[in-house]
Amino acid sequence: MRRRALVVVALCAALTACKGRPGTGTSPVGSAGAAPAAGEGKLAEFDLTGSVPESMDAGGFFPLPATRTYTGLVRSLERARKDAETTGYFVRLGEDSGLNWAQVEELGRFFGQLRKQRKPVVCHAHGLSNLGLGFAAQACDQIWLSPGGSVDAVGIAAQVIYLKSALDKLKIHFDVLHMGRFKSAAEPVTRDGPSDEARQSLTETLASIRKTWLDSAEAARKRPSLRQNFEQGPWGAEEAKAHGLVDTLGFEDQAREAAKKRAKAGSTSTLYGNDGQAKGGLGVVDILRIIAGGQPGAAGDHIAVLVAEGGISMESDGSLIEGGGITFKAFSKLVNKLRDDESVKAVVLRIDSPGGSALASDLLWHSLAELQKKKPVITSVGSMAASGGYYLACATQRIVAERSSIVGSIGVVGGKVVVDAALAELGITSVTFPASPDPGAAARAGYLSPFEPWDEPTRERVRQQMRSIYELFLDRCAQGRKLPKEKLRESAEGRIWSGEQGKARGLIDEYGGLARALDLARQASGLGDDAAVRVEGARESLLEMLMLGDDASASEIERALERWHARSVLRLPATLQPLAAGLAPLARGEKVVAALPFALTVR
């Protein structure tokens, strides 16, 4: 009875809460807005007040329609560019858009192209940060700001917290090894400050992103003082207007009316955002299909956008609300499906990942390489394809990234936390009893134990094991990039690069965003500009996310839900989740990870 009641409650909640989500599973992308009245222009509106998720998984229990993803936004902009009836554009940014920097670069170019058609692009914000202002400067020919708003353009920086001294006081230390001078993932727990290599890698990458940010804004706004004012905030609304960072102070409804007047528009059509979604909720049949893990089949020849977002792992971490990252089981299953689906003529791998499990990365590299043998696969890098994420990208025939994307971090790290000294302070000791009488048998058998540090022979064995994985990583990347291994090694050693730095080193092929990757996929597949595009996601089924089998009993499901609820009470901040996901395989018993050394979010 309890399980039945749970299902009924879930269905009722879905019927009321999922209003405006007509698509389920694999969904076609986007539809145009309503036609304008006869003889009048049309104002196209884009609602960017919330985040623009890459994946349909961002919807929680039930997937978002593909029209609400970043792919859906790009497709709506492609159609808007060709729509002769649209005479202007209005962009709502709210308190600040949830765009990442790679998205800002691509969308800024898109709206800049629309401006070149001599159609006004008016943007309104309640507040702007570094990223929001960077977007508005490139995209909008008129920027409105709420009178009580602010422009928090303060410059770009990164902060790293180092915990070694605190851990020393607790008698806790980490046995960690890394391959590559710049692979600094363990430095926050093994040092009280950055190594010279870590400082160099991070500051030079940030400097490259900063240059892209300032150059793009200055070129678009053409105001000599803009460059300096971009980094001297925070500014109040009046100050921001006086310094030319925004053009007009006013409310959102006033900005919309001004946009309609400039566009000579008699109607408004929302091309992206909640107002543009179809009315009515999901039907019971659709909901049951989602719960069962079923997806509607593809119709006709098309390009698939395969979203690879989050940390890479062998299995799910049991997260139901947030996307489960890139898991080997679910992702390889989807890759194989795309490989065998004759209606899929090309695949765009849209990747935004800091890496994770080295084993899962190599297994997925193989799956993507097999897919590549049958049809074109183009990589579009979002905010990052780092470490294991870059590993996957190298399985494809071409890599497209923005100047501010993060790429590289070719290196591996492994280790364990050691708490023997901390326990000794409490009078607790640990003794290992090896089955073998051979010297060193206890140290080898317990090399993953948190109760005993590595001795030197064991440390050397782990180092050799990691070196072999690192060399395999280099082999895969050199093969995919068609570079001599020793040449690639110069850009490896765990160092991160911006897209601009990466292109100069052959780590990517060209600058661009998702739209450019779709163009390349169309060319490679022979499909025309009007070819259908479908978004694919590799989310696991409900039972798989709970780490249960299909034959799980009612009591097992209830206990799994209780465990999930306990974990969901305290969650890491969103900015730290990619880092945690990348390093999580170490906590699950894996020995080596290929992961970005820190959580890097530019705002």
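Helix H7 has 26 residues, and from its first C-alpha to its last it reaches 37 Å, close to the 38 Å expected at 1.5 Å a residue. Keep in mind that this is a predicted model. Once the helix is done, Lys222 follows with a positive phi, near 55 degrees.

**H7 meets H4**

H7 has a partner in helix H4 (residues 130–139): the two axes come within 8 Å and cross at roughly 35 degrees. The crossing of H4 and H7 is left-handed. On the H4 side, the contact is made by Asn130, Gly134, Ala137 and Gln138, while H7 brings Trp213, Ser216, Ala217, Ala220 and Arg221.

**Rings that pair up**

Now for the aromatics. How many aromatic pairs does a search of the whole structure find? There are four. Here are two of them, side by side.

| Ring pair | Centre distance | Plane angle | Arrangement |
|---|---|---|---|
| Trp213 and Phe230 | 5.2 Å | 50 degrees | tilted |
| Tyr391 and Phe473 | 4.5 Å | 25 degrees | stacked |

Why is the Tyr391 and Phe473 pair called stacked? Planes under 30 degrees apart count as stacked, and the planes of Tyr391 and Phe473 are at 25 degrees, so this pair gets that label.

Elsewhere, ring pairs tie Phe46, Phe111 and Phe135 into a cluster.

**A closer look at Phe230**

Phe230 has a relative accessibility of 1%, so it counts as buried. What does Phe230 touch, leaving aside its neighbours within four places in sequence? Its contacts are Leu133, Gly134, Ala137, Ala153, Val154, Gly155, Trp213, Leu214, Ala217 and Leu245. Two of these names, Gly134 and Ala137, also turn up on the H4 side of the helix contact. As for Ala217, its C-alpha atom is separated from that of Phe230 by 9.0 Å, with the two residues 13 apart along the chain.

**Arginines over rings**

Arg476 lies over the face of Trp365, at 4.1 Å from the ring centre. Likewise, Arg495 lies over the face of Phe182, at 5.1 Å from the ring centre.

Not counting residues up to four places away in sequence, Gln103 touches Val52, Glu54, Tyr70, Gly98 and Arg350.

**Last stop: H20**

Finally, take helix H20, whose twelve residues (514–525) should span 16 Å at 1.5 Å a residue; the end C-alpha atoms are 16 Å apart, which agrees. Which residues of H20 are buried? They are Leu514, Ala515, Ala517, Leu518, Leu520, Ala521 and Arg522. Just after H20 comes Gly526, which takes a positive phi of about 85 degrees.

Key: Residues are numbered from 1 along each chain as its sequence is written. This is a predicted model: local features need pLDDT of at least 70, side-chain atom pairs count only at pLDDT 80 or more; totals for chains, interfaces and linings use all residues. Side-chain values use heavy atoms; hydrogens and water are left out. Helices (H or I, at least four residues) and strands (E, at least two) are DSSP runs, numbered from the N terminus. The expected span of a helix is 1.5 Å times one less than its number of residues. Buried means under 20% relative accessible area, exposed over 50%, partly exposed in between (1.4 Å probe, protein chains only). Rings of Phe, Tyr and Trp (its six-membered ring) pair if their centres lie within 6.5 Å; planes under 30 degrees apart count as stacked, over 60 as edge-to-face and the rest as tilted. A charge sits over a ring if NZ of Lys or CZ of Arg is within 6 Å of the ring centre and within 35 degrees of the ring normal. Axes are lines fitted to C-alpha atoms, for helices over the stretch in contact, and angles run from 0 to 180 degrees between N-to-C directions. A crossing is left-handed if the near helix is turned anticlockwise from the far one by less than a right angle, and right-handed if clockwise. Contact means heavy atoms within 4.5 Å.
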